[in-house]
Amino acid sequence: MGRKVMEDVFMKHRKIKLLIVFWLVTNLLGCSGNAIHSPEAIDTARLTPRASTYQDLISLPEPKGKIVATVYNFRDQTGQYKPAPSSSFSTSVTQGATSMLINAMLDSGWFIPLEREGLQNILTERKIIRAAQKKPNTPTNNDSELPSLFAANILLEGGIVAYDSNIRSGGVGARYFGIGGAEKYRVDQVTVNLRAIDIRSGRILHSVMTTKTILSQEIQSSVFRFIEFKRLLEIETGITTNEPAQLCVFSAIESALMYLITDGIQKNSWALKNPEDAQHPVIEKHLQALSNTLSHSS
């Protein structure tokens, strides 16, 4: 009789232990979100998501007159490559920063950007048109006189000047009787320089530098426990989130452009359509940030 009672107590104890393990595993998996599920692929292409800097950019008040500006090359000046084993030749930042800057200039409503990165292609096409005009039966789209190319007033120069990896990292974890979880994070940083140059004199009118952090985060949970003799329960799950570096570069470029516009308004290089728009929240925010930077540096 006593032996049967002991067996019943043992079975109840084992069931309770299994229920506790099951409850802990369920909670650990829940803490990791949907890590055990494969993310669904996006069937169709979509517009590139933008950061909060984009909302500030498109909220800028109207200029008195749009600035005719050009960009020849806004390139990666860091020479930074991704660490092995990812790739020994893949760069850490995008090589398409020129396209990003031109896109931001158009979206701001303050500039008339002129194509200069593909200038040779434009000149080649213009030669083809001139050659066609000298022959009979000229196509209707080529029969009109070819106008001169626009000349810019402002040249935008600069580039991605710094990429610092692992400027801050850390994490936290705990494990008890083979059941635990951990969280790790790492912060990188990208820095952009943007300059506005007067083409007639070559004088640098304005120069700004902006910095954007890039966050990477990893969450893991695991169970490693013997349920019975020679029966091992082992479960691992986790999720890693990496902030896209190209979107962070895009955000830094948008921010640099806004500070450049704001600095030009403050120093009368260009003007607002309505002078009372100087009290606009976006303008005031960036003017305050510029003044804080100058006060800290002095």
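**Notebook: salt bridges in the predicted model**

I started with arginine 50, which has 27% relative accessibility and so counts as partly exposed. This is a predicted model.

I looked for the partner of arginine 50 and found aspartate 107; their side chains meet in a salt bridge, 3.3 Å from N to O. Arginine 50 sits in the loop between helix H1 (2–31) and helix H2 (52–58), and aspartate 107 in helix H3 (residues 97–108), so this pair ties together parts that are 57 residues apart in sequence. I then checked aspartate 107, which is partly exposed because its relative accessibility is 27%.

I followed these two residues further. Glu254 joins Arg50 and Asp107 in a network of salt bridges.

Next I looked up arginine 186. Its side chain forms a salt bridge with that of aspartate 188, at 3.0 Å from N to O. Which of the two is buried? I noted that aspartate 188 is buried, as its relative accessible area is 2%, under the 20% limit. Arginine 186 has 34% relative accessibility and counts as partly exposed.

I then turned to lysine 212 and found a salt bridge with glutamate 243, with the closest N and O atoms 3.2 Å apart. This pair links distant parts of the chain, 31 residues apart: lysine 212 is in strand E6 (residues 204–228), and glutamate 243 is in the loop between strand E7 (231–242) and helix H5 (245–266). I recorded lysine 212 as partly exposed at 21% relative accessibility. Glutamate 243 is also partly exposed, at 33%.

Last, I noted the total: seven salt bridges, with a nitrogen-to-oxygen cut-off of within 4 Å.

Methods. Residues are numbered from 1 along each chain as its sequence is written. This is a predicted model: local features need pLDDT of at least 70, side-chain atom pairs count only at pLDDT 80 or more; totals for chains, interfaces and linings use all residues. Side-chain values use heavy atoms; hydrogens and water are left out. Helices (H or I, at least four residues) and strands (E, at least two) are DSSP runs, numbered from the N terminus. Buried means under 20% relative accessible area, exposed over 50%, partly exposed in between (1.4 Å probe, protein chains only).
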